[in-house]
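I am opening a notebook page for this structure and will write down, topic by topic, what I looked up in it.

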Amino acid sequence: MSCFSRVILGFLIGLCVLYQCSAFEVDANQTAWLFVNASEASGRKIPETLFGIFFEEINHAGAGGLWAELVSNRGFEAGGPNTPSNIDPWSIIGNESSLVVSTDRSSCFDRNKVALRMDVLCDRDGANVCPDGGVGVYNPGFWGMNVEQGKKYKVVLYIRSLQSVNISISLTGSNGLQMLATANIIAADVSNWTKTEILLEAKETNHNARLQLTTSRRGVVWFDQVSAMPLDTYKGHGFREDLSTMLADLKPGFIRFPGEWLRNAFRWKETIGPWEERPGHFGDVWMYWTDEGLGYFEFLQLAEDLGAAPIWVFNNGISHNDQVDTSSIVPFLQEILDSLEFAKGDPDSAWGSVRTAMGHPEPFDLRYVAVGNEDCGKKNYRGNYLRFYDAIRHAYPDIKFISNCDGSTQQLDHPAHFYDYHIYSDANTVFSLAHKFDHASRSGPKAFVSEYAVTGKDAGTGSLLAALAEAGFLIGLERNSDVVEMASYAPLFVNANDRRWNPDAIVFNSYQLYGTPSFWVQRFFSESSGGTLLNSTLQANSSSSLIASAIAWKNSEDNKNYLRIKIVNFGSKIVNLKISIDGMKQNTFQSLGSTKTVLTSSDLMDENSFKEPNKVTPIKSLLENASVNMEDKLSPHSFTSFDLLIESATLWIPRTDSNSKSSI
């Protein structure tokens, strides 16, 4: 090769290297421009119900979770109606020479006849002396009871014996040695079933405690319906305080509940009235027993306590396994009409009077029903649906109907106010579905995205990657909130001792809890319901990994107005973001009070845990450059929210009656 050729080749190689470096420089410094139109004509009201929650009895979400009852299998019914039956998780204190424990059908409650029989063979003196502390039974609750020093616990139980009794009711450590609280039931005559209530105050803390019923007196004693509840529950209605507070922090616009197979489905009439008389049932979808302390009435009460609209998902005679023919659906129709009267009827109506007797004379604000769950396409669904639709519409014309069928791609063949859309998939798919409703019909039923989540390997047990994909999806729903009315993540809860589904929004055990990154993503949208969507346009040299929205909202806590910009950077590069807000004056925003909040982490698969509950949580900082023209850097794989505090003197109120749709 000649010298000239070498020079030319070297020049070309150098030029190529320079070009590649320049290309890398451009790629490493991506730039995006977000234009927000905050003028009066830009605003469109977001439905009050857009973001809510879905409760399902899965992962011991209610029994051993949201419902604060500490005793598991309190009525001894979990082993079935036949006797002898399994009393698990109750266990025996003592041995066969001092005690025999069995079950019989002697209860005073007609709908749950099984009671615990305890034949005490030892005594305080004589040939067969009881061991120190006596003999009896104990209940460990749901993987341990959380008992905290200074707190009070109400124990209620029913007792019967042909002899006088001296029973110790105690909260102890897991091995029975640490005495946390105790009291005695001393009675000369309990020959008939007798209800006893005791208030125990814990003198020490133990997160893995148990409840004991012991005696040192020979004879036969029967127990039934043994309950232990902390005195402090959310708004005094029996819900676990810390878990309920996390729900309240989401400011849900609605709460959707519940849904199971037909054979052992949620029968609402068996879940109302005094808790002692509720028979409980075995949930054959997730394969565990619930005593039904958390019933239909409690779901309605929780919705009211959270300020959320209740959505009653009732059984329409169809499940994943079996179905009732439309010609035989009349009894199911009456069952649901009765449930609506219970919730909405006058205090002196047949079922409204039952609600009144439970302490709630005012009707609940029940306006939505879902006719079944994931039943579309089954042989009898359309026929059954139409029967329910006609009957309910005639009796309660204000009720709005949710169909199981997906109307996002084709028109429904039956009347409905909303169609149900579920999505569980990998992160890339869920993120791409941010545009799912961009071109959906703006007429006809609206969408209810009642179950969504990233699942599979991308999700782990609650990863940042899953949360970012879901954030992008939710921004897409927010931007299409003229056709999407409601959305809820699923599942909501998981007891770490019974994880049957991954991932979940809130993880807990007897005393600990944390939100997964997906929970924190939902917190970003807590002010969207009822806010005002602003027209916004995002331009970028690599926009496929970015999605943004802008809303205006009023903070009920400080009574101030804000403009919130949310943006997901789903890519692996830093993005230089330039924001331009049109329709507002230069000095509209206050730097003091404006903030920037970022959700990100060093690894896409990072998760929170009991050990590190805040490993992946939003970090808030002051936004000192708050202005109608701003620049900022978006971290790779991040979700960022800019909250711009609007000057109180600014008389700017976006219109809420516009039918305009945000640019995409």
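Before placing any residue, I note that helices (H or I, at least four residues) and strands (E, at least two) are DSSP runs, numbered from the N terminus. This is a predicted model, in which local features need pLDDT of at least 70 and side-chain atom pairs count only at pLDDT 80 or more, while totals for chains, interfaces and linings use all residues. Residues are numbered from 1 along each chain as its sequence is written, and side-chain values use heavy atoms, with hydrogens and water left out.

Entry on Lys 344. Leaving aside neighbours within four places in sequence, I list Arg 355, Pro 363, Phe 364, Leu 366, Tyr 396, Asp 398 and Ile 399 as its contacts, contact meaning heavy atoms within 4.5 Å.

Entry on the helix pair. I looked up how α4 (residues 330-344) packs with helix α6 (residues 381-395), and noted an angle of about 35° with the axes 10 Å apart; axes are lines fitted to C-alpha atoms, for helices over the stretch in contact, and angles run from 0 to 180 degrees between N-to-C directions. From α4, residues including Phe 332, Ile 336 and Leu 340 meet residues of α6, among them Phe 388 and Ile 392.

Entry on the strands. Strand β1 (residues 30-37) runs parallel to strand β30 (residues 575-582), joined by 8 bridges, and two strands pair if DSSP finds at least two bridges between them. On its other pairing, β30 is antiparallel to strand β33 (residues 629-634) over 6 bridges, with Ile 579 partnered by Met 630.

Entry on confidence. The average pLDDT (the predictor's confidence in each residue, from 0 to 100) is 90, and 91% of the residues score at least 70. Over residues 1-27 pLDDT stays under 50, as it does over residues 651-664. Where pLDDT is low, the predicted coordinates should not be read in detail.
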